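Welcome, and thanks for opening the viewer. Let's take a walk through this structure together, one selection at a time.

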Amino acid sequence: MESSGTGVSKQVLERILDTEKLKYCFECGICTASCSMAEMLGNDYNPRTLLEQIYLNPETVLGSDELWLCAWCYRCQKRCPQGLKLPEIFLSIRSIAKEHGNVKSFDRALQKIVKSIPLPLITTLVCFHPERAGLENEKVLEQIEQIRGEWLKTKKAEKSAKAAEKVAVIGSGPAGLTVTYELGKKGYPVTIFEALPELGGMLRKCIPEYRLPTKVLTREIQFIKDLGVEVKTGTEVGKDVRFEDLQKESYRAVFIGAGAHKSQGLRVEGGDLNGVTHALDFLWGSNSGKKLEIGKNVVVVGGGNVAVDAARTALFKGAKEVTILYRRSKEEMPANLWEVKEAEGEGVKIEFLVSPKKILGEKGRVSAIECVRMQLGEPDESGRRKAFPVEGSEFKRETDMVVLAIGEVPDVGFLPKQVELNDDGTVWVNPITMETSMPGLFAGGDAVTGPASVIEAIRDGKRAAESIESYLKSEERVRK
Amino acid sequence: MSESKESKPRQDGQIRIGVYVCHCGLNIAGSVDCGEVAKFAATLPNVVLAQDNRYTCSDQGQAGIKKDIQEQKLNRVVVASCSPRLHEPTFRKACEDAGLNKYLFEMANIREHCSWVHLYDKEAATEKAKDLVKMAVAKVALLEPEDEVSVPITRKALVIGGGVAGIQAALDLADTGYKVYLVEKEPSIGGMMARIDKTFPTMDCSICILAPKMSDAGHHPNIELLTNSEVAEVKGYIGNFHVKVLRKPRYVTKDCSACGECVKVCPIVAPNEFDVGLAVRHGVYTPFAQAVPSTYIIDMSLCLNKEGVIVCDKCTKACERQAISFEMKPVTEELEVGTIIVATGADVFDPSVLPNYGYGKIANVITTLEFERLINAGGPSGGHLIRPSDKQIPKRVAFVQCVGSRSARSGRLYCSNVCCMNTIKDSLLIKEHWPDTEIYVFYVDIRAYGKGFEDLYKRARNAGVVFIRGLPAEIVEDKKTHNVWLIGENTLRKEVYRISADMAILSIGLEARKDSETIQRLLTLSRNQDGFFLEAHPKLRPVDAATAGVFFAGCAESPKDIKDSVTQASAAAARAGILMAKGQVTVEAITPTLFPEKCKVCGLCVKVCPYNAISLNKDLKRVEIIEAACGGCGTCAAECNFGALTQKHFTDEQIMAQIDAITENEAEKKIVAFCCNWCSYAGADFAGVSRMQYPPNARIIRTMCSGRVAQKFVERAFARGVASVLVSGCHLGDCHYINANYQTQKRVERLWKKMEQNGLDKQRLQLLWASAAEGEKFASKMREMKTIVENVKPEEIEKGKKVFATALEGD
Amino acid sequence: MPERIRHAPLDLEQFKPAKAEIHLIKDECKGCGYCIEFCPKKVLEESDEINARGVHPPKVVDEDKCIICSFCSAVCPDFAIFVVEKKNKEGK
């Protein structure tokens, strides 16, 4: 590796060599192609060249604003042929940059974020994590509001005349909010249909308070409401309103951002005992301020972000011991690695290669969970090694609360039959236009990808908004 | 049978040792002060001549040695230079030419084990070199002249694998005049080459150039074709292998005229493996039209007639030659051969484990192997490249390179060699037939290294094939049209591309066959970490296996194209031919020496011999040794508690002299390391060749097998005050002498127990299993042991001396 | 040879097996059941009706599955069953 000879470079290189050996990168470009931020920021951000710069010229990287733009969705790491841990490498460099006081570059990054990334307040907290580089969240949020205020003043003059085509957005999670924001900015009359009594989707339902404070979420949503969109909360499409009625009410385009809110059930005995809950219900209960009974010895089944969130929330709310049971090994765990590290740091225990067999109860209430040890075999269709039980390795574990977080699927039963679904129940869309197999019907976010990160939903929303706009314009031309 | 020999060391004055310290250019002289080592050597007992020269292995150097042997009347020679695994035969021959018995020669490895691994510590390297020379001098003084036994070589060869490499090797050997058995697992020879359409760079039709060779192999009077057969057992040694081959039944006799009438009436239909499942065959079938032998075969796992009950006799009725026989049984044939050539080939990577490419889920994503079958005129689509979803000819095709190669995620870090050229050839083929097709190739590097390859690449570019540098991150299907979207970054233009194509073709890499482990066990071969077989030396002996008499040809040894496979096959045939031309092979004189008066007929040596070369003769109250069957491991000598057996050229006295030489000075800072010739010593050599640096505490004593290391050697080392001892050998199950290293394990465990019971730190005795490819493992062990050495206290050393003091008795 | 085959054969439609016509002489059957037991494609099943001999003759479950191996007629002790190939319109 080239060393420019100063003390800074040596320090940088030594820190990185702890996380990964950069020399294996063969510049295939898969990271940039997968990156949500690269898509939204265009030429302003390229993770591949950033990585290249780190080992060719570490000094410039310390002062570059690109360093602060990674949103931790881990898509690059999952697909990299060499398995390079890009988010971790960037984090190491960020802390070095902070040590050297290079925070001016962070300000420049913020400018870019406000310009191109919708929902900047939310994304800063949930995706960019300035606190991991030692910056104070409140200060950063104020900065963003300030920049946004200035930018708005210039933008207000540009607002175009009101367009006539009505657009319906089903679901007010990050994908739905993004579409609303992008189209609302341009003057389209958007109506949001949200089943819960308040807007926000997973942001409000599942992301715990300490990660995304409710007042920040409200601030962001207010900003969107101020664009003049129609909000219909407490209205579930398929129940309160029929999908076919939307077309009758002359919505020219519909966007489905319904997310993945149906928890998959665990097919074991004892799933209906008292004390067994689904993680989504548990988190929604916790976030909506309901009084929850938290057991002392909580067991969470699953390995995704929802499982980790539920475990941390349970600990936060007073459980003595929280253990996550995951049936595969650490390498295959789908949750973000940083979340897992933070959870372990807070005291959450994780047991790998364990799967529940039966939930045992006394007097209708959960008392123990019988598990079996698993071993890994050949990879299955998802590329992860298949887990199958080791005969005779059953063991019992005491517990008084079981939280199930083994996967969520979209609840899109209200869609007509002609809308094609993928094998796993998600909605199929054309990856360029985000249009489903029914013309005029678009989809994005968890409803399309399955459970994924906020920034990916925002990216989907942005793509869909552009696509809806060109669809409406072309429709207009056709009708004219 | 061997007789007892008295081996007392000769008196001083009668032994005249010549020591040559080689500079090897700067390879050794760069980190070792050879002049100083030579001066030191002159001071050692019995040394009458010590000099340093630049290139001892050169003609000049060798001539110098020969001259000194004759003029200075030297009767022992030590050369301190490179690894004996490289040049011991060279110098032994030089000694022989000068009239000195070649077993009176010893080498000190001051290059791979010293100068190359201690590049930056000249002082320590020079001290270590001096110690290594001292060890060699001590051993050589005790060496005795030996005569080698000659064993006749069976003038027949076995070729395992009937691909193009196996066929070429068989033809070359058969043309030379030797009988060859060609064993092939599948019902027909031809291998992978029979399936591809055209070859690069000449765009020759593959089966057209292969079929004449296959036919020659089938008709050659010296080649016996054993298809649908597998090698079940291999016993013996070079020149005298006893092989058992299991011939699985075809259920069709040799009377078959390949008319094909049976196929027309067979009701069973199954996917044809030859066409990668893209076409259909029947229960009775021939794998492909040009199959050799042309006899058909019945797939009994699908046939309706099971367990002798004949339910359907349509094929029997249809056959005019009455060639179908359901009574055929598997037959085991026993063969006697002199040499074996392994040409088992390679498998292809299965991309279903890469979920972002959608292979197996998206209909229009295929592999290059499936492409070969589609574009082949004899294939399932008659030579038309069609999309699996709607059988239309695509107008836009995308090739994705490096699938399953050069990637840690897929578990295969190496480059598969042939995929770049294969894609270029495929794109030219498509352009030839359908010139308007748009072709995109997504690559990271284009490797067009061979003769005519760059020209083919230029032709492809001129024909309008678009090369984009940047692999797709994912391949997504459009469910309406079944087209595919490839999304990736064009790294040269720094823009993300989203290209829609009618079909995507994944350029998959080659990987080691899953059954290569079976061949490895049968022939006691080594494999590298990618699973391919390991050659004896990567540069100088690229087709020899470490096991004498076994050679490699083709992709079994590493991925390569047809030209290199054929070249290697001819090379292997030539090497095998050398052995068989001589007609006899000399067995190295490292067989056991028996002292019958000490034999107590306990039978322990009989139990541990992996070759069953020792038998008990109760009447004569001694054991008897069959020298020709002896493999030369020395385990029997290590096992004998009564001193009745010792191994020639590695006697107890010689090894103990080496231990004494090491521990004479500063023993508390040193490690005595016992390394087996085939694996761990080779692994240490490999660490040297790769210039891995490690601390200079170790002094390596070479034995043929780790099984030679007797308990008393380790005990003696501790008794002399050494800080730490390392015993290393091949991995369990991979021992070159089949299973001798299990004895090593037992002995080390006994020693550990004894150390624990006597309050000694058992960390001082380390056991390492390392293969010849694991240089890094050896180097890390050395680094680990340095810490152990530094932490050993003087009281611990003294205690060790006391506990094992009995080892010094009888001195 | 790759072990997992991922694509369906492209020429599957070309294989049209001959259609079978199964003829049962019901009243000859003595109900031994050999034809039912030995049919490799399990085309026959014991029926509920009773024939002249007072036993249950076989009935055809799925004539399309029959591969005209004729084992049923080979094994029948009473020559009560035989199979022919169905001729199509051209008489082939």
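## First stop: where chain B meets chain C

Select chains B and C together: 38 residues of chain B are in contact with 21 residues of chain C. Keep in mind throughout that you are looking at a predicted model. The two chains bury about 2,500 Å² between them, and carbon and sulfur atoms give 66% of that area. To see who contributes, pick Leu278(B), Val280(B) and Val311(B): together they supply 19% of the area that chain B buries against chain C, more than any other three residues.

How many salt bridges are counted between chain B and chain C? The count is zero. Polar contacts across this interface come to two residue pairs, both partners at pLDDT 80 or more.

Now colour the elements on chain B's side. β13 (269–271), β14 (280–282), β19 (346–348), β20 (365–367) and α10 (368–375) of chain B each bring at least two residues to the side that touches chain C. Which of them gives the largest share? That is α10(B), with three residues. Sorted by class, this side of chain B has 24 nonpolar, four polar and 10 charged residues.

About 2,600 Å² is buried between chain A and chain B, 56% of it on carbon and sulfur atoms.

Between chain A and chain B there are three salt bridges. For a salt bridge to display, select Glu39(A) and Arg498(B), whose side chains meet at 3.6 Å, N to O. Side chains of opposite charge can pair when their charged atoms come close. Polar contacts between chain A and chain B number 17 residue pairs, with both residues at pLDDT 80 or more.

Across the pair, Glu489(B) stands opposite Val496(B) in β26(B). The two strands form a hairpin with four residues between them, and Lys494(B) in the turn has a positive phi of about 55°.

Move along chain B to an open sheet of three strands in the order β11-β12-β17, with antiparallel pairing. β11 (229–237) and β17 (331–337) of chain B are at the edges with a single partner strand each, so one side of each is left without a neighbour in the sheet. On average, neighbouring strands of this sheet are turned by 20° against each other, direction ignored.

Zoom in on β12 (240–247) of chain B: seven bridges join β12 to β17(B). Strands of a sheet pair through backbone hydrogen bonds, either parallel or antiparallel.

Most residues other than glycine have a negative phi, and most peptide bonds are trans.

- Phe200(B) and Pro201(B): the peptide bond between them is cis, with omega near -5°. Pro201(B) sits in the loop between β8 (198–199) and β9 (204–205) of chain B.
- Val292(B) and Pro293(B): a cis peptide bond joins this pair, and omega is about -5°. Look for Pro293(B) in the loop between β15 (284–285) and β16 (297–298) of chain B.
- Trp72(A): this residue is not a glycine, yet has a positive phi of about 65°. Trp72(A) belongs to the loop between α5 (58–62) and α6 of chain A.

## Last stop: a salt bridge within chain A

Over all chains, the structure holds 84 salt bridges. To finish, select Glu220(A) and Arg148(A), whose side chains meet in a salt bridge at 2.8 Å, N to O.

Definitions and conventions: Residues numbered from 1 in each chain as written. Chains lettered and ligands numbered in written order. Predicted model: local features only at pLDDT ≥ 70, side-chain atom pairs only at ≥ 80, totals over all residues. Heavy atoms only, no water. Buried area = accessible area lost by both parts, 1.4 Å probe. Salt bridge = Lys/Arg side-chain N within 4 Å of Asp/Glu carboxyl O. Polar contact = N/O pair within 3.5 Å; in protein donor to acceptor, adjacent residues only side chain to side chain. Pairing = 2+ DSSP bridges. Axes fitted to C-alpha atoms, helices over the stretch in contact; angles between N-to-C directions. Contact = heavy atoms within 4.5 Å. Nonpolar A, V, L, I, M, F, W, Y, C, P; charged D, E, K, R; others polar.
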